[in-house]
Amino acid sequence: MFNHQIVLLTEKTFATDAFGNPNREYIRTTHLCEEKEITRSEFYNAARAGLKPEIIVSMSAWEYDGQSRCEYGGSEFFITRSYKSDRDTVELTLSKKAGA
């Protein structure tokens with residue numbers, strides 16, 4: 001059951017501030033999802049690659065369009081893996097950089 005919200009961040013443009021520093025701007029779209037557990041092997045394999053997997057979420061496949069960042073539970077995550085578990089559902093592995 002999709003009972004949580006995930007905000008997918010689609011990169012729009014690189015804008016600059018008053019000092020000429022680049023700022024990323026994102027288009028934010030909110031979708032419903034279901035939270036799942038991370039397996040032990042998935043956790044250790046990701047840690048070897050320098051990633052810190054936090055959560056797996058499952059959502060409708062037609063709502064996901066290859067975004068690489070998202071917000072979930074008030075924190076920003078990288079989407080390090082997407083897996084189409086069936087015709088209508090995709091599972092996203094949400095990670096933070098190791099040491100963060």
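## A side-chain contact at Arg69

The side chains of Arg69 and Glu76 are joined by a polar contact of 2.9 Å, a polar contact being a pair of N or O atoms within 3.5 Å, where within protein one atom must be able to donate a hydrogen and the other to accept it, and where residues adjacent in sequence count only if both atoms are side-chain atoms. Arg69 lies in strand β4; helices (H or I, at least four residues) and strands (E, at least two) are DSSP runs, numbered from the N terminus. Once residues up to four places away in sequence are set aside, Arg69 touches Leu8, Leu9, Arg24, Tyr26, Glu76, Phe77, Phe78 and Ile79, contact meaning heavy atoms within 4.5 Å.

## Basis and confidence of the model

This is a predicted model, in which local features need pLDDT of at least 70 and side-chain atom pairs count only at pLDDT 80 or more, while totals for chains, interfaces and linings use all residues. Residues are numbered from 1 along each chain as its sequence is written, and side-chain values use heavy atoms, with hydrogens and water left out.

The pLDDT, which is the predictor's confidence in each residue from 0 to 100, averages 88 over the protein, and 96% of the residues score at least 70. Among the elements, the lowest mean pLDDT (83) belongs to helix α1 (residues 40-48), and the highest (94) to strand β4 (residues 69-72).

## Overall build

The protein has one helix and six strands, and from the N terminus on these elements follow the order β-β-α-β-β-β-β. Taken along the principal axes, the C-alpha atoms fill a box of roughly 45 × 30 × 20 Å. Of the contacts between residues at least 6 apart in sequence, 53% join residues at least 24 apart.

Of the 100 residues in the protein, 31% are buried, where buried means under 20% relative accessible area, exposed over 50%, and partly exposed in between (1.4 Å probe, protein chains only). The accessible surface comes to about 6800 Å², and carbon and sulfur atoms account for 48% of that surface.

## Strand β4 and its partners

Two strands pair if DSSP finds at least two bridges between them. Strand β1 (residues 4-16) and β4 run antiparallel and are joined by four bridges, with Leu9 standing opposite Arg69 in β4. On β4 there is also an antiparallel pairing with strand β5 (residues 75-84), over four bridges, and here Glu76 in β5 is the bridge partner of Glu71. The hairpin of β4 and β5 has two residues between the strands, and Gly73 takes a positive phi near 60° in this hairpin.

## Leu8 in strand β1

Leu8, which has its place in strand β1, counts as buried because its relative accessibility is 0%. Leaving aside neighbours within four places in sequence, Leu8 is in contact with a set of residues including Ile27, Met59, Tyr64, Arg69, Cys70, Ile79 and Leu92. The C-alpha atoms of Leu8 and Lys84, 76 residues apart along the chain, are separated by 17 Å.

## Cysteines

A disulfide is taken as a pair of cysteine sulfur atoms within 2.5 Å, and by this rule the count comes to zero. The sulfur of Cys33 has its closest cysteine sulfur in Cys70, 8.5 Å away, and this distance is too far for a bond. Cys33 counts as buried because its relative accessibility is 0%, and Cys70, likewise at 0% relative accessibility, counts as buried.

Methods: Areas by Shrake-Rupley, 256 points an atom, 1.4 Å probe, with all protein chains shown as cover.
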